[in-house]
Amino acid sequence: MSTVPINHVPPTEMGLVQISPKEELIRKRLDEERRRLEQEAGIERRQTAKFHRPIENPFTRSQRDKTTILFGGLTWKHEKLIHGTLEGLGYKCEALPVPNKKAFQLGKEYGNNGQCNPTYFTVGNLVQYVQDLEEKGLTKQEIIDRYIFMTAGACGPCRFGMYEAEYRLALRNAGFDGFRVLLFQQEGGLNQAEAEAGLEMNLDFFLGILNAMNIGDIINDVAYQIRPFEVNPGETDQVLDECMDLLHEVMRRKKPWTLEGKLASLLNKTGFVGSAEYIGKFLNQLYGDDYMAALREVRDRFNSIPVDHTRVKPIVKITGEFWAQTTEGDGNFNMFRFLEREGAQALVEPVGTWIMYMIHQAKQQIRDERGLDLIEQGVSKWNLKRAFGSHLAAQQSLAKLTTAEVVFKREYHRIVEALGGIAHHLTDQYELQRLGHPFYNSRAGGGEGHLEVAKNIYYSNKDLCHMVLSLKPFGCMPSTQSDGAQSAVVTTYKDMIFIPIETSGEGDVNAHSRVQMALGEAKVRAKNEIKRVLEETGTTLEEVRAFVEEHPEMQQPMYKYGHRKGVVGVAANFVLHAAERMKSERSEMVTVQ
Ligand code: SF4
């Protein structure tokens, strides 16, 4: 005899829908008939236990010294800086290792079936970490008492909204029932401090995390731009390691700005001390110089790595789902290192684009929903007071988000400049929307929304890459949707080289070989480009190299040579610039003679 789980609770039973007596009768008859058929087929009904969010043990301020906050999900560079920031704020913390295949298997074993690939990897990674702690000698109870996991939360609409529940379920299934998972909500604003007293999610926390993520993004970009051209193999990674240690220490030592002295005691009496401190923290963020000296030192260290910009390499823009395009491990078949081994330059995606996208989407929603509150409340359109009030509230919300946009961009680009100005600026969200919307409705949320499509068009049409590689997790709903739209995109933009790769816990060889094939085409394009440039300038690569040999500044990674319209590759742009310099130096010599 087989059994079927009864796991569907009709909305009527939940009190959500009013149904008529006739419908009630139909349902009753249907139920009776279902039971009869089940009996005939020998199927026994059984009640299944549903997963309920457990009542969680609190994380209190007094537990801070004895509790380690675990986190993960980005690159090791981002995580190292977040680690420094959290330590600076007085927390004990540890970044989880980059998820590997074993983590993926554990995620499948202990989590729900039918999740998307990043869920398996990240959930399994946490289970793997706590299991390792147990192997090292800690008891389950000690692990539950002394560790918590911090992650971002959202309400979907894709499976991202289910991550928190998945973490809890997998931990429970692995025997760590009661392990604490703390969330900071993407849309929760700058002060979620009341959520947990042990972890104060206040302005200091968010500014610290934001700085760490921005610096992580830009260092990541810089390293990926230098490594393919380094003269001495391994030097970029060595410098990167040293610089990350230095920046970690800077983040760790940075203390949050606070109001002190006579002004503090004066404002304390007036009751304005809270607002004044808030403003002070913002101003310190905007005009302070806390990280700048260290960033300039990092810039100089990177700039001392000798590079050869005459190497002809196809540029591969990485897009796709947020986690799959960010992680640097088994979660995307170690794709970035694979591309570099194959002679390509990977153009990685910053977390900053996602933050700007979130702000952009929030603004769009406010504009779309303007005035709906009046309709919902049945307010007459002649009620000018209410109409004006509603309009003003929407304008205020938009103004706040516009300020956040401007400030975030400014802060990001300030770091780009401090690190030598070679990292890419943030892509304009309004242009991305304009490019992507005809193919993928920009109101459709979930995952990267219209960004996957828009970035493909943007980077290809602006001569920023030879090929776009989209990393799309197995089981990802939004990525599957944009895959459909991409076929319309590549039909419209026929010159584009676009390859979507579905990432999973297995199938590395197949994925690598598909990328290799597309890369072959991109390499031909890069070679044709340099050939054209050499012909146009009437020079050879040997001549350019000999010239560079005599000009040491041109061997530095932060040497500026510009980007020309219609020219994509580093070597092609560099040769165009070098040829101009060669010509002008030659004419100067003729004039002197
Ligand atoms: S975007 Fe896709 S892979 Fe990422 S959480 Fe949502 S469904 Fe999963």
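I began with a salt-bridge network that links Arg-227, Asp-237, Arg-337 and Glu-340; a salt bridge here is a side-chain nitrogen of Lys or Arg within 4 Å of a carboxyl oxygen of Asp or Glu. The model is predicted, with local features needing pLDDT of at least 70 and side-chain atom pairs counting only at pLDDT 80 or more, while totals for chains, interfaces and linings use all residues. Residues are numbered from 1 along each chain as its sequence is written, and side-chain values use heavy atoms, with hydrogens and water left out.

I counted 38 salt bridges in the structure. I looked up Glu-349 and Lys-455, whose side chains meet in a salt bridge at 3.5 Å, N to O. Glu-349 lies in the loop between β8 and α13 (351-369) and Lys-455 in helix α17 (residues 451-461), so the pair ties together parts 106 residues apart in sequence. Helices (H or I, at least four residues) and strands (E, at least two) are DSSP runs, numbered from the N terminus. I found both Glu-349 and Lys-455 buried, that is, under 20% relative accessible area, with exposed over 50% and partly exposed in between (1.4 Å probe, protein chains only).

Next I took strand β7 (residues 315-320). Six of its six residues are buried, so β7 is largely enclosed by the rest of the structure. Three bridges join β7 to the parallel strand β8 (residues 345-347), and I noted Lys-317 opposite Leu-347 in β8. Five bridges join β7 to β9 (residues 467-473), also running parallel; strands pair if DSSP finds at least two bridges between them. Gly-320 has Leu-471 of β9 as its bridge partner.
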